[in-house]
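Subject: Structure for you to look at

Hello,

Here is the structure I said I would pass on.

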Amino acid sequence: MINKVHHIAIICSDYEVSKAFYTDVLGLTIIGEVYRAERLSYKLDLALNGIYIIELFSFPDPVKRPSRPEAAGLRHLAFEVDDLDKVISVLNSKGVEAEQIRVDEFTDKRFTFISDPDQLPIEFYEK
């Protein structure tokens, strides 16, 4: 019935800041960008390794959504990485602080979290 996750939609409060974060910091590539004048809104389509994964939207005065502590709804985005230490080093070099590394009690895999410019938690989970 379901083939795969098609995309994840994120509404940001500052389009230029979030666009820079997702492209310059996380390294996602832009595959499409449109300004929708009737909505005063940008829509940015982003890909990871050539696969479309995120729609980044801007809207005037978006309502804040709780993300921490454990609020109901979408909890976080998670990206698989080969080398968690290298990812943390790259993020630190770009001014992004990662939380302390944790170990998944069920898989023994290491992971950490950062936050995007709107405090959306983003997880990096070592393969």
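Seven bridges pair strand 2 (residues 29-36) with strand 3 in the antiparallel sense. Helices (H or I, at least four residues) and strands (E, at least two) are DSSP runs, numbered from the N terminus, and two strands pair if DSSP finds at least two bridges between them. This is a predicted model, in which local features need pLDDT of at least 70, side-chain atom pairs count only at pLDDT 80 or more, and totals for chains, interfaces and linings use all residues. Residues are numbered from 1 along each chain as its sequence is written, and side-chain values use heavy atoms, with hydrogens and water left out.

G32 has D45 in strand 3 as its bridge partner. Four residues lie between the strands in the hairpin of strand 2 and strand 3, where L40 has a positive phi near 50 degrees.

Strand 3 also runs antiparallel to strand 4 (residues 51-58), joined by six bridges. A47 is opposite Y52 of strand 4. This hairpin has two residues between its strands, and N49 in the turn takes a positive phi of about 50 degrees.

Four strands form an open sheet in the order 5-8-7-6, with mixed pairing. Its edge strands, strand 5 (77-81) and strand 6 (102-103), each pair on one side only. Strand 5 runs parallel to strand 8 (residues 121-126), with five bridges. V81 is opposite E126 in strand 8.

Regards
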